Amino acid sequence: MGLEDLLPPFFATKLQTLLNWSRKNSLWPMPFGTACCAIELMSTLSSRYDLSRFGAEVLRFSPRQSDLLIVGGRVCVKMMPVLQKIYLQMPEPKWVVSMGACASCGGVFDTYTMIQGVDQFIPVDIYIPGCPPRPENVIDALQMLQEQIGSGKK
Amino acid sequence: MADLKATGLTSKGKIPTEPFGDRAISFEPEPGLGEGRMILNFGPQHPATHGTLRLSLELEGEIIVSAKPDIGFLHTGFEKLGENRNYNQFITVTDRMNYMSAMSNNVGFALAVEELLEIEVPPRAQAIRLIMAELSRISDHILCVGLQGMDLGAFSVMLWSFIQREKLYDVFELTSGGRLTTSYTRVGGLAYDLPDGIIPRIKAFLAKVPEIIDEVEYMLSHNRIFIDRTQGIGVLTKENAISYGVTGPMARAAGVDHDLRRDRPYMGYQNYDFDVPVKTEGDAYARYEVRVQEMRESLKILDQALDNLPSGPVNCLGGKVRLPGKDEVYTKMESLIHHFILSMPGHGLETPKGEIYHATESPNGELGWFLVGDGTSIPYRARVRPPSFYNYSAIRTMIEGKPLADIVSVLGSLNVIAGELDR
Amino acid sequence: MSEEKKDVESNDEKSSDFDIDPNPKQEWQTREKVMAEKVAERFELDAPVVFRGQYEFTVEASRIVQILRELKEDEEFAFNRLTDVTAVDYLKLEGYEERFAVLYFIYSYEHKTHLRLRVWVDEDDPRLPTVSGVFGAANWGEREVYDMFGLEFIGHPNLERILLPTNFGSFPLRKDYPLRGRGERDDFPRLRRGEKEDL
């Protein structure tokens with residue numbers, strides 16, 4: 001249909017750029033939602049905010065199938081080994097979003113059982129503030145992460 | 001709904017719903033198979049466990065021989081935190097306990113402290129608290145029904161119910177400033193009065209709710225997959241419900257005719273006209289039906305409450321319990337002193353030495369607070385009687401001897417909120 | 001919008017014919033008083049502690065199972081639900097008999113009355129009999145008390161930690177345990193980027 005005429009005779013790019021471009025637009029999140037943030041995460045995914053507009057709607061509860069770990073909610077001493085196991089089970093490349101105050105720093109729960117920030121024990125790429133963060137914050141964080149993945153920084 | 005009516009299938013219409021008959025799957029293990037038992041670890045990271053429940057199952061074929069629930073994956077130390085925060089600070093923490101219906105928790109805790117202090121809030125504050133508690137009941141039940149549908153494959157119901165929940169979030173955000181974690185009550189009143197124009201907005205929302213409940217009911221009550229996977233599944237007998245301390249919609253679905261709002265009224269519930277839906281089947285379907293009915297009853301209460309909302313203050317200013325408003329703090333000396341006394345460490349509310357238990361009917365059941373006052377502004381012990389904890393303790397009686405696939409249906413119908421279960 | 005506002009205003013005026021029953025508590029407080037008198041008479045208990053209309057009896061640990069069973073099974077009382085079991089550590093308060101108290105909240109669906117029973121537990125020998133044979137709810141309730149306070153329930157079918165991991169060393173709701181813990185929350189290996197799963 002003449003499409004060949006529109007395209008340049010050859011199309012050169014770095015393979016890495018192509019990979020990053022495809023990775024950033026097809027993130028498969030694994031929701032590790034435990035508490036209030038999980039409900040806001042559900043809000044983000046459902047009709048009004050609709051995360052699928054940004055190419056990240058394929059939620060997978062299996063860590064083997066996903067590349068974006070969203071830690072939403074409080075993580076306690078009993079849960080931390082589970083979280084570490086899930087992090088290790090995810091295939092490379094993988095990214096971690098720490099959603100909300102509790103996951104990022106313990107939030108209002110400075111108690112004997114709460115992990116004061118999951119970044120002490122697993123690498124985190126993006127932090128989302130808020131208790132719980134609004135869905136707009138989650139979308140903003142996702143776009144920031146996509147930008148970084150696209151530019152090859154992460 | 002117009003299309004549904006055109007086909008003669010309104011929400012009350014009849015669709016044949018008998019089970020599959022001969023095609024029903026038999027769970028007799030085939031000879032040669034099913035020998036030897038298998039241990040299956042279910043959760044904590046499983047879509048049906050909502051992230052934080054774990055069950056160690058011993059299976060024979062597909063039948064659960066014994067189940068060992070393991071909880072505590074969201075243990076936050078609320079009760080220890082309660083012994084280190086003053087009464088008003090702790091209200092912020094109660095939001096995070098049952099995040100599906102934060103307003104109910106706020107109200108329950110504030111009422112318990114007021115019982116300890118023996119103060120009564122003005123009628124307007126009571127009515128607003130009641131409105132918020134009932135709105136949060138609707139928001140909890142509508143999502144619970146949606147999630148129950150989602151766990152069994154009816155994904156649209158969850159999306160539909162979330163649209164309504166978003167509208168309720170808007171109402172909560174207008175009143176309290178927060179979508180999910182509201183922290184709206186204070187000891188002795190409310191954080192603020194209702195904003196202008198909120199009542200028409202709530203009314204406009206409520207006018208649409210019956211239609212939405214009809215739609216959800218149409219989607220599920222006539223859905224053969226949903227019916228086959230909930231009717232007769234996860235049966236909780238009345239004896240077990242009483243013995244395990246199960247309360248709320250779960251107990252009412254099992255035939256326990258008890259609702260604190262009717263039987264031990266608080267916050268002025270005795271003035272409203274409503275019914276308490278009770279079923280006797282005790283299965284997952286009955287729990288769904290009770291929740292749907294309860295939403296309709298909440299609507300009745302809300303209509304009456306919104307029509308009869310008294311005017312007047314929303315804070316009791318006698319007894320120096322409530323923080324004075326900022327406009328007064330900046331202009332009046334006494335208010336400034338009052339503000340400092342209430343907020344300085346080592347001062348604050350003067351509680352009597354005594355121990356009280358106060359319970360409210362939260363969307364999940366009896367939410368009780370046991371407070372030990374020691375004369376300071378910090379509770380000596382703040383125990384919460386979480387409905388989900390006791391509701392979930394009966395899980396073994398519901399799933400043992402049943403096929404593995406039932407667990408998903410049963411967990412969806414229990415509405416276990418992990419924050420409340422593990423605290 | 002303006003019509004709706006008018007509606008609200010006119011409804012405000014209507015509110016005068018809305019029946020208001022300001023104190024429903026009186027009715028059940030009388031009921032609970034009668035019930036408490038009956039219980040005291042039947043089991044020969046000391047006078048209850050009454051605070052804000054709530055009754056609380058103190059019972060010796062050796063009698064708690066028998067008393068709860070009779071309260072449950074006798075038609076006259078019919079306290080058929082154990083609402084909650086919890087404990088309080090009175091370490092920092094003066095003037096109490098022992099350090100720990102276990103509290104049983106029972107409720108009767110028939111009579112719609114609450115009652116609270118208290119058992120004092122010695123600090124040096126923190127043991128008391130289980131009531132999980134009487135109420136199913138006591139199974140998890142007592143496990144939680146064990147988990148948080150370290151009180152042992154003799155004869156409990158499955159006395160393990162319930163909320164905390166099994167290797168957690170202390171009992172956090174005791175008053176001598178700090179709010180921020182003793183370093184349990186910092187005791188995990190640190191994973192690095194690119195670390196592989198150890199299969």
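Mentor: Start with one residue: leaving aside neighbours within four places in sequence, A:Leu83 is in contact with A:Phe32, A:Val71, A:Val75, A:Val118 and A:Ile122. Two residues are in contact if their C-beta atoms, placed from the backbone, lie within 7 Å. This is a predicted model, in which local features need pLDDT of at least 70 and side-chain atom pairs count only at pLDDT 80 or more, while totals for chains, interfaces and linings use all residues. Residues are numbered from 1 along each chain as its sequence is written, and chains are lettered from A and ligands numbered from 1 in the order in which they are written.

Trainee: Which residues touch the most other members of the largest nonpolar core?

Mentor: A nonpolar core is a set of buried Ala, Val, Leu, Ile, Met, Phe, Trp, Tyr and Cys residues joined through C-beta atoms within 7 Å. A residue is buried if 20 or more other C-beta atoms lie within 10 Å of its own, exposed if 12 or fewer, and partly exposed in between, with C-beta atoms placed from the backbone. In soluble globular proteins, nonpolar side chains tend to be buried together. Here the largest core has 206 residues, and A:Leu69, A:Val71, A:Leu83, A:Val97 and C:Val102 touch the most other members. Helix H5 of chain B gives the most to this core, with 15 residues.

Trainee: How many helices and strands does chain A have?

Mentor: Helices (H or I, at least four residues) and strands (E, at least two) are DSSP runs, numbered from the N terminus. Chain A has six helices and four strands, in the order α-α-β-α-β-α-β-α-β-α from the N terminus on. Its C-alpha trace spans about 65 × 35 × 25 Å along the principal axes. Of the 154 residues in chain A, 47% are buried. Among contacts in chain A with a separation of 6 or more, 78% are between residues 24 or more positions apart.

Trainee: In what order do the strands of the sheet in chain A lie?

Mentor: Two strands pair if DSSP finds at least two bridges between them. In chain A, four strands form an open sheet in the order S1-S2-S3-S4, with parallel pairing. Strands S1 (29-33) and S4 (126-128) of chain A are at the edges with a single partner strand each, so one side of each has no neighbour in the sheet. From one strand to the next, the twist averages 15 degrees. Inside the sheet, five bridges join S2 (residues 68-72) of chain A to S3 (residues 95-99) of chain A. A:Ile70 stands opposite A:Val97 in S3(A).

Trainee: Which helix packs on that sheet, touching S3 and S4 of chain A?

Mentor: For angles, axes are lines fitted to C-alpha atoms, for helices over the stretch in contact, and values run from 0 to 180 degrees between N-to-C directions. Helix H6 (residues 135-150) of chain A touches S3 and S4 of chain A, and its direction makes about 170 degrees with that of S4(A).

Trainee: What is the pairing in the sheet of chain B, parallel or antiparallel?

Mentor: The pairing is antiparallel, in an open sheet of three strands with the order S6-S7-S8 (chain B). S6 and S8 of chain B are the edge strands, each pairing on one side only. Five bridges join S7(B) to S8(B), and B:Leu371 has B:Ala382 in S8(B) as its bridge partner. Helix H4 (residues 102-117) of chain B lies across S6 and S7 of chain B, at about 150 degrees to S6(B).

Trainee: At what angle do helices H5 and H17 of chain B pack?

Mentor: Angles under 35 degrees count as roughly parallel, over 145 as roughly antiparallel, 65 to 115 as roughly perpendicular and the rest as oblique. Helix H5 (residues 123-151) of chain B and helix H17 (residues 406-414) of chain B pack at about 170 degrees, with axes 8 Å apart. H5(B) is therefore roughly antiparallel to H17(B). The contact is made by B:Leu147, B:Gln148 and B:Asp151 of H5(B) and B:Val408, B:Gly412 and B:Ser413 of H17(B).

Trainee: How many residues of chain B are in contact with chain C?

Mentor: 45 residues of chain B are in contact with 41 residues of chain C. On the chain B side, S7(B) gives the largest share, five residues.
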